[in-house]
Amino acid sequence: MSQGPRSGLAAVSAALLAMSRHLEVRDVLKTIVASARELLDAQYAALGVPDDHGGFAQFVVDGVSDAQWKAIGPLPRQHGILAAMLHEARPERLADVRKDPRFEGWPAAHPDMSDFLGLPIRDGEEVLGALFLANKNCAKSSGDCGFTEDDEELLSILAQHAAIALTNARLYERSRELTIVEERSRLAHELHDAVSQKLFSLRLTAQAATTLVDRDPARAKGELQQVAALAAEAADELRAAVVELRPTGLDEDGLIATLRTHVQVLDRAHSARVTFDSRGVRALPAAQEEALLRVAQEALHNALRHSGAALVEVTLTKRGPGAALRVTDDGSGFDPTAVRSAGRHLGLVSMRDRASGVGGSLDVESAPGKGTTIEMEVPGG
């Protein structure tokens with residue numbers, strides 16, 4: 001095998017473990033590309049996932065800066081060598097890709113490449129993507145520099161495991177999508193039940209006020225005040241549902257900005273003061289960020305809807321390589337043991353499931369009249 005900076009069984013094992021550690025498709029793609037480039041000691045690596053329209057749904061590169069990638073322009077199409085790997089499903093090892101008759105050139109900002117090694121990532125008969133490397137790091141003047149048969153064999157092994165990791169990541173994302181659909185369905189049922197009851201009561205009260213307005217104005221006034229109160233309650237129900245259904249924006253904004261915006265919305269929507277503070281937390285794996293956001297949303301929902309709190313504080317702090325989320329309120333509190341025995345969980349089961357699902361932990365401290373603190377810790381990437 002190629003004697004790069006991390007050649008050998010330990011390097012291969014590290015690469016395979018890194019691929020299996022991630023659950024998000026994008027994270028898996030990045031890990032595959034970085035692992036391939038490091039293992040085979042190449043200057044550039046890329047992986048393209050084809051779409052159904054002659055282009056790529058995703059295209060991940062390693063060895064190219066963000067500024068270079070932006071200057072290169074739109075994602076490539078499936079042509080030339082890329083098309084050969086995708087449609088003929090065979091490896092391509094070339095001493096100089098520029099001399100191949102299928103070569104069709106690059107955009108002006110594209111880095112120059114010579115020696116080339118690429119192969120498809122396959123799951124049975126399905127081609128999941130095309131993985132390729134360029135410019136072996138060695139002395140080109142010697143004349144014998146370039147990718148070897150051993151390099152091709154090593155990349156083939158990596159591609160086989162990459163197919164497994166990518167397939168698992170896709171299954172995870174589909175499972176998560178189903179979970180989101182189920183959550184939205186649950187919210188829709190809750191919204192229907194709560195708001196429909198409020199609106200039904202509001203209509204009956206309004207009808208009663210109409211019949212009383214002439215013969216008993218005082219009672220009619222009382223009924224109209226009740227109408228106003230019911231309308232306000234219905235508006236609160238709708239507002240809470242809209243906030244919970246609001247797109248998280250994690251992919252675009254990250255956890256801290258998304259959580260800060262969510263807290264600001266709640267602070268405006270409720271009479272309680274809701275605050276957010278973050279200290280030293282950097283980007284976390286996507287699955288952990290989503291779990292932290294969902295637990296924060298559930299804890300905030302409980303504090304604002306059930307505790308009667310005047311102040312709710314949310315903090316996100318760095319803890320070792322990971323992070324800790326803390327949601328504290330000064331509300332009525334509860335006895336966690338009594339809640340479990342009564343069959344009411346206030347979302348605690350789902351919060352614990354979310355925490356354990358990303359290798360984290362969840363602690364709940366509460367007592368009647370003492371407020372509630374919910375703390376979730378995740379270990380980091």
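This dialogue walks through several features of a predicted model.

Reader: Where do I start with the overall fold?

Author: Start with the secondary structure and the burial. The chain has 10 helices and 10 strands. Of its 381 residues, 42% are buried.

Reader: For contacts between residues at least 6 apart in sequence, what percentage join residues at least 24 apart?

Author: The share is 61% in this chain. Take one pair as an example. Ala169 and Met19 are 150 residues apart along the chain, and their C-alpha atoms are separated by 9.9 Å.

Reader: Which helix holds Ala169, and is Ala169 buried or exposed?

Author: Ala169 sits in helix H5, which covers residues 149-212. Ala169 counts as buried because its relative accessible area is 1%, and the cut-off for buried is under 20%.

Reader: How should I read a nonpolar core?

Author: Begin with the general idea. In soluble globular proteins, nonpolar side chains tend to be buried together. Now the case here. The largest nonpolar core has 36 residues. Those with the most contacts inside this core are Leu300, Val312, Val314, Leu325, Leu362 and Met376.

Reader: Which elements each supply at least two residues of this core?

Author: Four helices and strands to begin with: among the contributors are helix H7 (250-269), strand S6 (273-279), helix H8 (286-306) and strand S7 (311-319). The list also includes strand S8 (322-329), helix H10 (348-357), strand S9 (361-366) and strand S10 (372-378). H8 gives the largest share, 10 residues.

Reader: What does Leu300 touch, leaving out residues up to four places away in sequence?

Author: Leu300 touches His262, Val263, Leu266, Val274, Val312, Val314 and Val327. There is also a second, separate core of 33 residues. Val33, Leu39, Leu117 and Leu166 are among its members.

Reader: Now the rings. How many aromatic pairs does the structure hold?

Author: It holds 5. One of them joins Phe56 and Phe59, with 5.2 Å centre to centre and 70° between the planes. That pair is edge-to-face because its planes are over 60 degrees apart. Both Phe56 and Phe59 are buried.

Reader: What is the geometry of the pair formed by Phe103 and Trp106?

Author: Phe103 and Trp106 are edge-to-face as well, at 4.7 Å centre to centre and 75° between the planes. Phe103 is partly exposed, with a relative accessible area of 25%. Trp106 is partly exposed at 30%.

Reader: Which residues form one aromatic cluster?

Author: Phe56, Phe59, Trp69, Phe116 and Phe132 do.

Reader: How do I read a pocket?

Author: Again, the general idea leads. Rolling a probe the size of a water molecule over the atoms shows where empty space is left. In this model, the second largest pocket contains about 480 Å³ of space. Its lining comprises 27 residues. Pro76, Leu82, Trp106, His110 and Phe132 lie nearest the centre of the pocket.

Reader: Which elements give two or more residues to that lining?

Author: They are strand S1 (42-50), strand S2 (56-62), helix H3 (66-72) and helix H4 (80-88).

Reader: Last, the disulfide. Which residues does the disulfide join?

Author: The count comes to 1 disulfide. Cys138 is joined to Cys145, with S to S at 1.5 Å. Check the handedness by the torsion. About the S-S bond of Cys138 and Cys145 the torsion is about 65°, so the disulfide is right-handed. Cys138 is partly exposed, with a relative accessible area of 35%.

Notes. Residues numbered from 1 in each chain as written. Predicted model: local features only at pLDDT ≥ 70, side-chain atom pairs only at ≥ 80, totals over all residues. Heavy atoms only, no water. Phe/Tyr/Trp six-rings, centres within 6.5 Å; stacked < 30°, edge-to-face > 60°. Buried < 20%, exposed > 50% of the residue type's maximum accessible area, 1.4 Å probe, protein only. Core = buried A, V, L, I, M, F, W, Y, C linked by side-chain atoms within 4.5 Å. Contact = heavy atoms within 4.5 Å. Disulfide = S-S within 2.5 Å. 1 Å grid on protein atoms, 1.4 Å probe; cavity = no way out; pocket = protein on both sides within 12 Å on 5 of 7 lines; lining within 4 Å. Points joined across faces, edges and corners; volume = space filled by probe spheres on them.
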